[in-house]
Amino acid sequence: MWIDTHCHLDAPEFGPDARAERARARAAGVACCVLPAVQARDFAAVRALAHDTGDAYALGIHPLYVAQASDDDLARLEQALADWHADPRLVAVGEVGLDFFVPQLCTEAMRQRQHHFYRAQLRLAQRFGLPVILHVRRSADALLAGLRAQAAAGRPVGGGIAHAFSGSAQQARAFIERGFALGFGGAVTFETARRLRALAATLPLTALVVETDAPDIVPHWLYVTAAQRAAGRPQGRNSPAELPRIGADIAHLRGMSAEDLAVATTANACRVLPRLGALLGRDRDGAGPGHAGVDP
C-alpha cells in the first residue's frame, strides 16, 4: 500500500470532487493520506474530512498564510491541539515552516513574522509530543537553525517530514540526523530536475517518504506549459491517485520495484509519524477507512 504523506484534499480546487478523488486514490492503492491544514479557520474542516475519508490530519499555520494570521490563531492552534490530542487521526503539527521564495514573504518584516510563527509552532509541537511537517522552500538552513535552537533549549522536536524537499545532500543529511524523513513528489518526475532525481536515487531508503501535495506540484504527465495555458489549455490538477505512478518513477531511479518502495516508504512514514502507524493498525483491526462522522 502507499501513503500520501502530504495532500491538501480540502483545497478549493477539489471542491465537491474531494471524496471521489480520494476513492479513486484508494482504488489505485493509496491506503492513507495525511491532510495538513494551512490556516486556523480550516482546522475543524480538515479534521472532519480526515474522519470522513478514513485518513490522518495535521494542524498548523502555513508560512504563506502568516501575513493574514494573528497571534490569536496561534492560540486557536494551541486549543485545537489540546482539544483533539486524543484523536488518533491527529498525527502532526503542520504544515509549518519558512518560505523565502515568494517575493512578498522575503521582506525583513515578513521574514521576522514567519520566524515568529515557526518558532511558536515548534514549541507547540514539542509541548504536545507531535512531530512536524515542514514547508521547505529556499529555507532549509533557517529551518534547521530553528530545530537546533529548540534542542539547545532542552525542548527538541521529535522529527517529522521535510515536505517537498529540494535542498542539498548536506541539508538532507542534517534533517535525517534530526529524525526527519524527506518528502518526494511530482517534482522528481521531471527529467530536468537532475539534482532532485539524484537525491531520490542515492539517499538512504529509510529517509524517503512519498507525497503529492495535491492539487499542487503536478507530475510531468499533468504539466501544462505556459504557452499551452496561454492557448487556453488548463493546468492539470494533481490528485492523490497519482501517487503510485510518482512512486514507480522514484523506484525506477533507485533500481527497485515499486512494490518494495511502497513497503519501505510506508514504514518510513509510520516511523516519523508514530501515530500514523497506530492509526493504520487501528483501521485494519476494524474501524475501517471512510466511515462517516468524527470520532469524539
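Me: How far is the sulfur of cysteine 7 from the closest cysteine sulfur?
Reply: The distance is 4.6 Å, to the sulfur of cysteine 33, and that is too far for a bond. A disulfide here is a pair of cysteine sulfur atoms within 2.5 Å.

Me: Before we go on, what kind of model is this?
Reply: The model is predicted; local features need pLDDT of at least 70, side-chain atom pairs count only at pLDDT 80 or more, and totals for chains, interfaces and linings use all residues. Residues are numbered from 1 along each chain as its sequence is written, and side-chain values use heavy atoms, with hydrogens and water left out.

Me: Is cysteine 7 buried or exposed?
Reply: Cysteine 7 is buried, at a relative accessible area of 0%. Buried means under 20%, exposed means over 50%, and partly exposed is in between, with a 1.4 Å probe and protein chains only.

Me: And what does cysteine 106 count as?
Reply: Cysteine 106 is partly exposed, with 25% relative accessibility.

Me: Helices next. At what angle do H1 and H2 pack?
Reply: About 45 degrees, with the axes 11 Å apart. H1 covers residues 18–28 and H2 covers residues 43–53. Axes are lines fitted to C-alpha atoms, for helices over the stretch in contact, and angles run from 0 to 180 degrees between N-to-C directions. The labels come from DSSP runs, numbered from the N terminus: helices (H or I) have at least four residues, strands (E) at least two.

Me: So how are H1 and H2 set to each other?
Reply: They are therefore oblique. Under 35 degrees counts as roughly parallel, over 145 as roughly antiparallel, 65 to 115 as roughly perpendicular, and the rest as oblique.

Me: Is the crossing of H1 and H2 left-handed or right-handed?
Reply: Right-handed. That term applies if the near helix is turned clockwise from the far one by less than a right angle; anticlockwise makes the crossing left-handed.

Me: Which residues make the contact?
Reply: Arg19, Arg22 and Arg26 of H1, with Leu49, Asp52 and Thr53 of H2. Contact means heavy atoms within 4.5 Å. The H1 and H2 contact has four charged residues, one polar and one nonpolar. Ala, Val, Leu, Ile, Met, Phe, Trp, Tyr, Cys and Pro count as nonpolar, Asp, Glu, Lys and Arg as charged, and the others, Gly among them, as polar.

Me: What about H4 and H5: what is their packing angle?
Reply: About 45 degrees, and their axes are 11 Å apart. That makes H4 oblique to H5. H4 passes H5 in a right-handed crossing. On the H4 side are His115, Tyr118, Arg119, Leu122, Arg123 and Gln126; on the H5 side are Ala142, Leu143, Gly146, Leu147 and Gln150. By class, that contact has five nonpolar, four polar and two charged residues.

Me: Arginine 119, then. What does its relative accessibility make it count as?
Reply: At 40%, arginine 119 is partly exposed. The residue sits in helix H4, residues 108–128.

Me: Backbone now. Which peptide bonds are cis?
Reply: Among them is the bond from glycine 94 to glutamate 95, with omega near 15 degrees. Glutamate 95 is in strand E4, residues 90–99. The bond from alanine 214 to proline 215 is also cis, with omega near 10 degrees. Proline 215 is in the loop between strand E8 (208–210) and helix H8 (226–230). Most peptide bonds are trans, and most residues other than glycine have a negative phi.

Me: What is the phi of isoleucine 217?
Reply: Near 45 degrees, a positive value in a residue other than glycine. Isoleucine 217 lies in the loop between E8 and H8. Its relative accessible area is 33%, partly exposed.

Me: And where does alanine 164 lie?
Reply: In the loop between strand E6 (160–163) and H6. Alanine 164 has a positive phi of about 50 degrees. At 22% relative accessible area, alanine 164 is partly exposed.
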